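Please take a moment with the sequence and the structure shown here before reading on. The report that follows moves from one chain to a single residue and then to the other chain.

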Amino acid sequence: MAGPGKGRRGASPKDVYKSLTSGSMVRIIKLVLKHYWIHLIFVLIGIILAAIASVKGTLFTQTLIDSYIIPLIGKDNPDYSPLLSAISKVAVIYIIGAASAFAYNLIMVRVGQGSLRIIRKQLFEKMEKLPIKYFDTHPFGDVMSIYTNDTDTLREFIGRSFPEIVNLLATLISTLISMFVLSVPLTVISLILVSFVVLITVKVSSLSGRYFGEQQKQLGVVNGYIEEMMSGQKVIKVFTHEQQTINDMQQHNEDLRKVSNNAHGIANILMPATAQLGNLNYVIVAVIGAIFAINGRFGMTIGTLVSFMTLNKGFNRPFAMMSMQLNSIVMAAAGAERVYSLMDEEPEVDNGIVVLKAVEEDENGNLKISNRFTGQWGWILPDRIVKLEGDIVFDDVDFGYRPDHQILYNIYMFANKGQKIAFVGSTGAGKTTITNLINRFYDIQDGKIRYDGININNIKKASLRNSLGIVLQDTHLFTGTITDNIRYGWLGASDEDCIKAAKLANAHGFISRMPDGYNTFITGDGSNLSQGQRQLIAIARAAVSNPPVLILDEATSSIDTRTEQLVQKGMDSLMKGRTTFVIAHRLSTVQNADCIMVLEKGHIIERGSHEELLEQKGRYYQLYTGNAVS
Amino acid sequence: MIKTLSRFVGKYKSTSIWTILLTAAEVVLDIFLPICMARIIDEGISQGNLSAVYKYGIIMAVLSILAFITGVASGRLASKASTGFVANLREGMFKKVQSFSFKNIDNFSTAGLVTRLTTDASNMQMAYQMLIRMCVRSPLNLIFALIMCILISPKLSLVFVVAIIFLGFSLFFIILFAMKSFKKVFGEYDTLNASIQENIRGIRVVKSFVREDYEISKFQKAIDRLYGLFCKAETITCINNPIMLLTVYGCILALSWFGAHEVVAGGISTGQLTSLLTYVMNILISLMMLSMAFVMLTLSSASAERICQVFDEDPDIKDPENPIYDVKDGSIDFENVSFAYKKDAAEYVLKDIDLHIKSGETIGIIGSTGSSKSTLVNLIPRLYDVSTGTVKVSGKDVRLYDVESLRNAVSMVLQNNVLFSGTILENLRWGDPDASLEECMKACRLACADEFIEQMPEKYDTRIERGGSNVSGGQKQRLCIARALLKKPKVLILDDSTSAVDTATEAKIQKAFSEYIPDTTKIIIAQRISSVKNADRILVLDEGRIDGFGTHDELMQTNEIYRAVVEGQQNGVGDFDRMEV
């Protein structure tokens, strides 16, 4: 964010060059150019106009003394009218300069913010198209940081540093040109002296850059320590470990203070060093200029010298200021790198051609596509229409998240329309994995999964997923009203549909008891609701879409018994008449299942109804009675 | 606020003062440079006097070398003072947090405390450095430059006064409006990030319901709003630049016009006029810097406020004057205890608890979420103080004990327990820093943690990652129990600490307890009936009241809630996936 705290850091010219020419940075620059080249032309014109105005202004002081003041000295009736007209002319130039500065700054704001908007949009659109695998393999914090930290570095660069650098360059070039116009020899001397300033700037910057690197590392250590201790604060209290933690903290903190002092100490040299070198430069040029003026060499006059000196002073400043901006280029390049690492990810592929459409029967009892909502759905195959029933078959399915690490082996199973399949087994046995395959969050390695007789690889993912209802163990709700959240299941649902779904899910009771009822606003993933209430809403959300097939992941029993009963009832009524795959934790769910699959290490080791499995006295029996041997 | 924070300057006080003095010296030296320049022109060039040129040239060179030395020195000292100050501040804050009671901790969120100790502290470092350098340099620069101008020509200095007032007011209003707009921007920015966060976390829901396009259109609206607000806010700051330019130009033109008159009238020399023109930039840049410092300080004042909240928090559990250090046995008595987390709470979360536990007993506690099971046991090691009534350990009010002695005697395994980064052994020794390897191994045997530790490549020297992320939930719980056992406590409290351990192992742990630590009072909070079934007595809590207290068989006869829970769970049927592989 724009607040203080972002440390000044150095960047060596090599880093800057590498950053600017890095692939990602070039892409960012291309993107900005592509969308805003007209804007940027106007910005360039503005910058040139402003620079000309500023140079004209400085040159004016030369003519001021030489042509307008000195001739008047000693006159009885000095005529100020030439001066007045000159001043008015310059005033006009100044106003044009200020106006164009204002204009190009305004345009630049739009370019910067607009580019960011484009980048954000591309980023988000791309992210939505990525497969679940991406989210499972990239920690949440890393993905989030692309949107916050990395886009922030781009904002800093496009919005602030880029115009600043262009500005500084323009000032520098215009100053240089006017210096040459005033006096070539003095300019050459200035340039030689300025190269020292540049050299020092580069040296100090790279040195402080290194120290800042160390500081960042130690800061990471301290912050990590603080984070760990703060989240374990209650344990520290219980173990009366306060003093030891303080001792450790003091150690880390002192280390940080030392490297931090070094880093800032070096960085703080930069300003006085460049400023005073600038002053020395000023003195030397002044003395040499004075010698020229007194000896009348190179056509030097007092006025020329005075204006030249003003320019000379302005010539030193941009370098130190530039060095501060350069760091943001390096940071932006790193940010751009991560932004594009997401954008270059392979999107989810979908080769499916079979889609789901509303159908109705014609006079002959054949299915045909209907333009209205009929409540009946059919799979549209190239040669025929298959009615959506909810028949699922796993035929010798193998799967692993990585090719070299198989998780599921030879899974055979079938669920006819309306049947319930319950999965039980220990953590890591592969229960959740199976449910990830039906909706094609992951694609199987071998075998086939058929939905109403159609290979699910041939079904368009959107259609496939629309035909599946899902209630996960961790409930995720979105910012919005309760109705909005239920409607998430089917965007076409009316308020009545939502209430009907809530009633089915057993959620209507608690929702109507809330002060704002269905209009209660949910924020922060539903933090203002209890876990059970969130689950009830998730059940209603699945219910409103009225899917023929359900995937349920029951929550483990840490919620209070009363809500638990409500959730259970809600789940039960949701399952009624639908093909259901449930990762079961509750006894009643397991008992009511048509078939229980006992999974272990990726194999279905037992299958059958509750009674059948109990009789077998196998793994299920052990799990059930709690007398696990292994 | 300033008083609280200035305490932490501590031994860096003299460094800070030197920084200020040296910065002032640098400014003074800087200010004389244009004067010398004027002399070079007036006495040297105008009169063709080369020796005067050399004289003032040398003076200027010396001045700027001196300014360089003072500048570098003040920079280094500023760095020493500011990093030292913030180190003190961070340490002070950390110590303060260590003195917090549970109640104090509850008043802050973990994330909130972390931000205060990290980001806010870093902000203070920047702010402090700015305070002792930029906030000294800019106003001094302004004042000295103005004095110089007045010395040269009081009449022409009026131009500056007018310019300063104009620019000052303009900057003030720009900052005022800009800050207001940026606040809105950052609010919107937070909202946007929150919605991205929501989307990533709920990506399975998004994909399941095929709502990608819907989410994209939602996002588009949000970034359009952000774009609008951002452009508006930045447009205000864009006025800054032209106003500055116009002021500078205005000054130059005014000085040219009036200066020309003065020079012609013989009031000032051309050289002096040049110095005045040089001071234009000097003065106006100082003013600009000052306004920047003002903005930065205003922004960091929010950080300062947050930090002060930590120091203003009053630790509410303190040792008594003449504390008792010795806890004799593990008997526990609750006498008419009521408790509320907040003083002004409408209702107590624990009501009229009267409970007497003999030393060495095993007590099970059961009750639904919100029945205040954890709250009840938290009172025993005095993690919270009762609102009314008394809690006694070994026959004495817990408030009479030395807190450390009490907590060492009452060992508690918290519900949300954490392991710290370090080896397993280091973690175990939190319980007893002097425990030998054998003692640690014994504790692990009791907690059934030895098996999996032995299977690890580096056994007891295996490193635990931060938060214990490289061990499973059940393993973590067993390590926490072992750690608590190493305290050799008189009272051992397990707050739902075996929920991820399978029932067979749990039974083994409980058996080990009764065999090896028979004299320790054991209190076990659990969700599963099987965890408490074999306890000497079981306490049934319901909405902060005792609903029943007795053996399993007694409760089956007399207690309705207990019976319902047992029937619901039907002879120890657990969660199928909670079994350890």
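Among contacts in chain A between residues at least 6 apart in sequence, 77% join residues at least 24 apart, a contact being counted where two C-beta atoms, placed from the backbone, lie within 7 Å. This is a predicted model, in which local features need pLDDT of at least 70 and side-chain atom pairs count only at pLDDT 80 or more, while totals for chains, interfaces and linings use all residues. Residues are numbered from 1 along each chain as its sequence is written, with chains lettered from A and ligands numbered from 1 in the order in which they are written.

Chain A holds 19 helices and 16 strands, where helices (H or I, at least four residues) and strands (E, at least two) are DSSP runs numbered from the N terminus. Its radius of gyration, 36 Å, is well over the 25 Å that the globule rule gives for 630 residues, so chain A is more spread out than a compact globule; the radius is taken over C-alpha atoms, and the rule is 2.2 Å times the number of residues to the power 0.38. Along its principal axes the C-alpha trace of chain A spans about 120 × 75 × 50 Å.

| Strands of chain A | Sense | Bridges |
|---|---|---|
| E5 (residues 392–399) and E8 (residues 446–451) | antiparallel | 5 bridges |
| E8 and E9 (residues 454–455) | antiparallel | 2 bridges |

E8(A) and E9(A) form a hairpin with 2 residues between them, and A:Asp452 in the turn has a positive phi of about 50 degrees.

A:Thr240 lies in the loop between helix H7 (233–238) and helix H8 (242–295) of chain A. Not counting residues up to four places away in sequence, A:Thr240 touches B:Glu404, B:Arg407 and B:Asn408.

The contact as a whole takes 129 residues from chain B and 125 residues from chain A. On the side of chain B that touches chain A, the largest share, 26 residues, comes from helix H3 (residues 50–98) of chain B.

Definitions and conventions:
Pairing = 2+ DSSP bridges.
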